[in-house]
Amino acid sequence: MAKRFRPETPHLRLNSRTVECLAYGLLILFLGLWQLSPRGWVTILGGRPLLLVPLTAAIAMFSGPVGGAAAGVAAGVLWGLFSKALFGFHALMLMLLGCAVGLLVRLLLRNNALSALLLCGGGTVAYGLVDWLCNCVLPLTDGALLILWRTVLPNVAYTLVLCLPLYGAVRGITKMLKNRERGTG
């Protein structure tokens, strides 16, 4: 039986998965440009927040491993466009983080604020240390320990403060999209 045109809904209805990807993509774009702008955040003790790391973890908590990996690749490519690191480094790291967090939430952990704090915080610490190891220690950069003390650790500490607000923002978007899908919002 062929579909008939309904005059009560003449506008194009978007698929819920498309709307979810669009909402997360806009959030990644907005926060990524804010993170990467030279004057986007106030530096505290030489640290600037790495917003894309906990954002990727938070998205993975609600979208699962595939959605988390896709969000990680998108955030990493955006970050790589403005970074001095090897292009693809951030995309690979955030993809692995998103996939791991999505799998942990799907298989082992509950999706709540405590899990978010542990996963976003742990992911941020791991990301900061791997970034420091690959971009300072392995190339034998002079003063690698000083870079760890003055840059990496303040960045991680600053980011840890913002983990729960980012989780709350992603949770709010997810709840709003589910209400939209059910037709109650």
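In the predicted model, Leu 45 lies in the loop that runs between helix H1 (16-36) and helix H2 (52-81). The phi angle of Leu 45 is near 55°, a positive value in a residue other than glycine. Most residues other than glycine have a negative phi. Leu 45 has a relative accessible area of 77% and is therefore classed as exposed, the cut-off for this class being over 50%.

The axes of helix H4 (residues 113-137) and helix H5 (residues 144-161) come within 10 Å and cross at roughly 155°. Angles over 145 degrees count as roughly antiparallel, so H4 and H5 are roughly antiparallel to each other. Their crossing is right-handed. On the H4 side, the contact is formed by Gly 121, Thr 124, Val 125, Gly 128, Leu 129, Trp 132, Cys 136 and Val 137. These meet Ala 144, Leu 145, Ile 147, Leu 148, Val 152, Val 156, Thr 159 and Leu 160 of H5. By class, the residues of the contact of H4 with H5 comprise 12 nonpolar, 4 polar and no charged.

H4 also packs against helix H6 (residues 163-182), at an angle of about 120° and with the axes 9 Å apart. H4 is therefore oblique to H6. The crossing of H4 and H6 is right-handed. Ala 113, Ala 116, Leu 117, Cys 120, Gly 121 and Thr 124 in H4 are in contact with Cys 163, Leu 164 and Tyr 167 in H6. This contact of H4 with H6 contains 7 nonpolar and 2 polar residues, and no charged residues.

Asn 135 is placed in helix H4. This residue has a relative accessible area of 30% and is therefore partly exposed. The side chain of Asn 135 makes a polar contact of 2.3 Å with the side chain of Asp 131. Beyond its neighbours within four places in sequence, Asn 135 is in contact with Ala 85, Phe 89 and Thr 141. Of these, Phe 89 is 46 residues from Asn 135 in sequence, and the C-alpha atoms of Asn 135 and Phe 89 are 9.9 Å apart.

Note on methods
Residues numbered from 1 in each chain as written. Predicted model: local features only at pLDDT ≥ 70, side-chain atom pairs only at ≥ 80, totals over all residues. Heavy atoms only, no water. Axes fitted to C-alpha atoms, helices over the stretch in contact; angles between N-to-C directions. Helix = DSSP H or I, 4+ residues; strand = E, 2+ residues; numbered from the N terminus. Parallel < 35°, antiparallel > 145°, perpendicular 65-115°, else oblique. Left-handed = near helix turned anticlockwise from the far one by under 90°. Contact = heavy atoms within 4.5 Å. Nonpolar A, V, L, I, M, F, W, Y, C, P; charged D, E, K, R; others polar. Buried < 20%, exposed > 50% of the residue type's maximum accessible area, 1.4 Å probe, protein only. Polar contact = N/O pair within 3.5 Å; in protein donor to acceptor, adjacent residues only side chain to side chain.
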